[in-house]
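These are my notebook entries on one structure, written while I looked it up piece by piece.

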Amino acid sequence: MAQRVARGRVSKPGPALQHGKYLFIVVFLLFPVGIYGLFTVSPYLQAIWISLTDWTGLTGTQTFIGVENYVKLFEDDQFMVALKNNAILLVVVPAVTVLLGLFFASMLNVGRRGKSGVQGVRGSGVYKIVYFFPQVLSVAIVGVLFKYVFAPTEAGGILNGLLRGIGLDSLAKPWLGDPDFAFWCVIFVMVWAFVGFYVVLFSAAMQSIPKEIYEAALLDGANRFTTFRHVTLPLVWDTVQVGWVYMAIQSMDAFAFVHIMLGIDGGPSRAGDVLGVAMYRTAFNDYRFGQASAIGVVLLVVTLTVAVLFLRLARRERVEFS
Amino acid sequence: MTTTVERPVASAPAPRPRRTPGVGVGAGALNLLNGTFLLVWGLLTTLPLLWAMVSSFKTNREFLTDPWALPDVARFENFSRAWTVANIGQYFVNSIIVVAISVPLTMLLGAMAAYVLSRYEFPGNRVIYFAFVGGLIFPVFLALVPLFFVVRNLGTVPVIGEFLGLNSFLSLALVYVAFSMPFTVFFLTAFFRTQPTSIAEAAIVDGCSHFGLFFRVMLPMAKPGLISVGLFNVLGHWNQYVLPVVLMNEPDRKVLAQGLAALAISQGYRGDWTALFAGLVIALLPVLIVYILFQKQVQAGLTAGVLK
């Protein structure tokens with residue numbers, strides 16, 4: 001019995017547990033599997049089929065047309081804009097968010113060197129609470145808030161008001177109305193919303209690093225950067241890696257940010273379009289369901305590729321300490 | 001407030017020819033610089049929220065002419081305008097109804113599935129487990145088109161159709177349950193696996209049925225795990241945006257996040273910004289208060305998903 005306690009796999013129940021087992025299993029799985037199958041699995045499978053048909057709101061019938069929807073997609077300039085923007089999101093948002101998260105977390109947990117060795121800066125508890133604020137707010141709230149932060153002055157835009165206030169009138173512009181800036185504003189807001197999450201995540205990992213290691217590094221005369229590079233980073237690398245993949249996958253879903261801040265067309269000249277918004281627009285504005293599902297499949301393929309690639313490439317020897 | 005002035009290292013022996021790098025004069029400057037960075041990000045996080053809160057008490061004129069000043073009088077009528085005229089009250093209630101159905105149901109069904117999958121061997125166990133967990137990687141967008149029609153068609157089924165279909169709170173809640181299954185099952189399966197088998201066997205020997213074992217022994221034991229994943233789901237369901245946008249298109253059926261976004265467009269045109277900001281504050285204040293009260297648990301619950 002005692003060994004069984006610690007085992008982490010499906011444990012074989014003793015004979016007593018066999019009685020009435022199958023009825024119990026069926027009853028317990030019926031509703032979870034049923035609801036999941038009906039609202040999640042079946043739509044996913046249908047979507048893959050629909051992406052191979054010419055189904056639109058007008059035809060009402062689903063005729064198999066092979067990969068024609070996909071061919072059309074890659075000939076469509078607007079789709080390429082959305083795809084390019086998703087690629088930008090995929091690279092920029094995780095990179096900036098994870099780096100800022102690491103920087104702030106190391107400041108807050110091991111950033112201070114003083115009499116009592118290495119510790120977090122003063123007030124780090126307050127910062128950890130405050131930085132996490134955006135994470136608990138709905139994306140809709142964040143989106144609406146920043147729609148007005150970036151708004152023109154005559155609509156109460158606080159950023160332009162601030163720039164004018166400090167004499168930088170030339171920098172004031174209709175941020176979300178400018179094709180060159182609209183999408184970057186969205187990226188900024190996404191980073192703003194996610195950094196706190198990674199600060200907390202990395203903080204938890206850094207808190208579990210034994211303080212003696214830092215004391216040893218300090219005695220050996222390692223400077224901050226060396227300590228970070230050779231002590232902190234390797235010991236939280238696992239978390240960074242997982243966090244990076246998680247952020248990469250999350251950044252692919254910029255739907256709510258773009259939909260709220262830039263609208264269903266993805267902003268001026270559709271310059272801020274992303275796959276999620278393009279898919280939604282194609283399906284529920286243009287009623288081209290086949291085409292829309294093809295965009296969804298592309299999004300799936302990109303997400304899967306990213307997850308597999310990142311996990312493969314970023315794998316490193318795990319550092320153990322006890 | 002956050003900058004730290006270095007004191008000499010007490011334990012260090014009297015002045016040495018070279019200072020220990022990292023501790024000393026340069027360290028003080030670096031600490032100051034780091035403190036500044038932290039402060040700047042702290043302001044960047046809080047100022048937009050403060051601005052929204054202050055703006056919600058202003059007149060539209062004050063909002064436009066002097067964005068940073070405090071209002072002359074606190075205009076509470078903005079809140080009543082947001083609540084009734086702008087329909088935020090209705091959206092708020094709608095959100096509560098949906099979350100009140102979806103979260104308990106997610107927890108119950110998720111725990112049931114996770115428990116069976118983690119504790120019982122039977123043919124198909126692995127297939128079902130991976131079908132659930134595989135959902136973690138699928139983008140919700142792929143499902144949107146068929147999901148819309150699945151839900152719409154459910155509305156035409158006799159008898160149960162009355163309660164389901166588009167614009168039904170129950171449907172939306174069930175869809176939330178379905179899309180929360182992957183993470184909930186994944187998390188709770190891992191959790192149930194760590195629970196000792198001996199207690200379960202003792203309970204069975206004592207004459208406990210499988211059902212009794214689950215509800216009276218295993219579920220109470222899994223409380224810490226249920227709380228983490230429950231908080232995760234409460235926030236996730238409360239903040240959900242794309243699913244209600246697709247499934248709830250009648251004006252009085254919108255949920256808070258969706259209604260607020262729609263309001264931002266219509267209210268902006270009408271020029272009634274302060275009612276919009278009052279709506280924004282109504283939406284963000286409860287979540288922020290819950291978070292500040294339970295910040296340790298919320299942070300743990302939300303980050304648990306990545307760490308497991």
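I began with the buried residues of H9(B), and I found that they pack against helix H3 (21-50) of chain A together with helix H4 (88-119) and helix H8 (197-205) of chain B. Before going on I noted that this is a predicted model, in which local features need pLDDT of at least 70 and side-chain atom pairs count only at pLDDT 80 or more, while totals for chains, interfaces and linings use all residues. Residues are numbered from 1 along each chain as its sequence is written, and chains are lettered from A in the order in which they are written.

I took helices as DSSP runs (H or I, at least four residues), numbered from the N terminus, and "buried" as having 20 or more other C-beta atoms, placed from the backbone, within 10 Å of a residue's own. In H9(B) I listed B:His210, B:Leu213 and B:Phe214 as buried. Seen down the helix axis, the buried residues of H9(B) fall within an arc of 95° (taken from the directions from the axis to the C-beta atoms), so they line one face of the helix.

Next I looked up the contact between the chains (C-beta atoms, placed from the backbone, within 7 Å), which takes 95 residues from chain B and 97 residues from chain A. On the side of chain B that touches chain A, helix H1 (residues 25-55) of chain B gives the largest share, 16 residues.

Last, I looked up B:Leu260 and, leaving aside its neighbours within four places in sequence, I found it in contact with residues including A:Ala140, A:Ile141 and B:Leu280.

Methods. Buried ≥ 20, exposed ≤ 12 C-beta atoms within 10 Å, placed from the backbone. Helix = DSSP H or I, 4+ residues; strand = E, 2+ residues; numbered from the N terminus. Contact = placed C-beta atoms within 7 Å.
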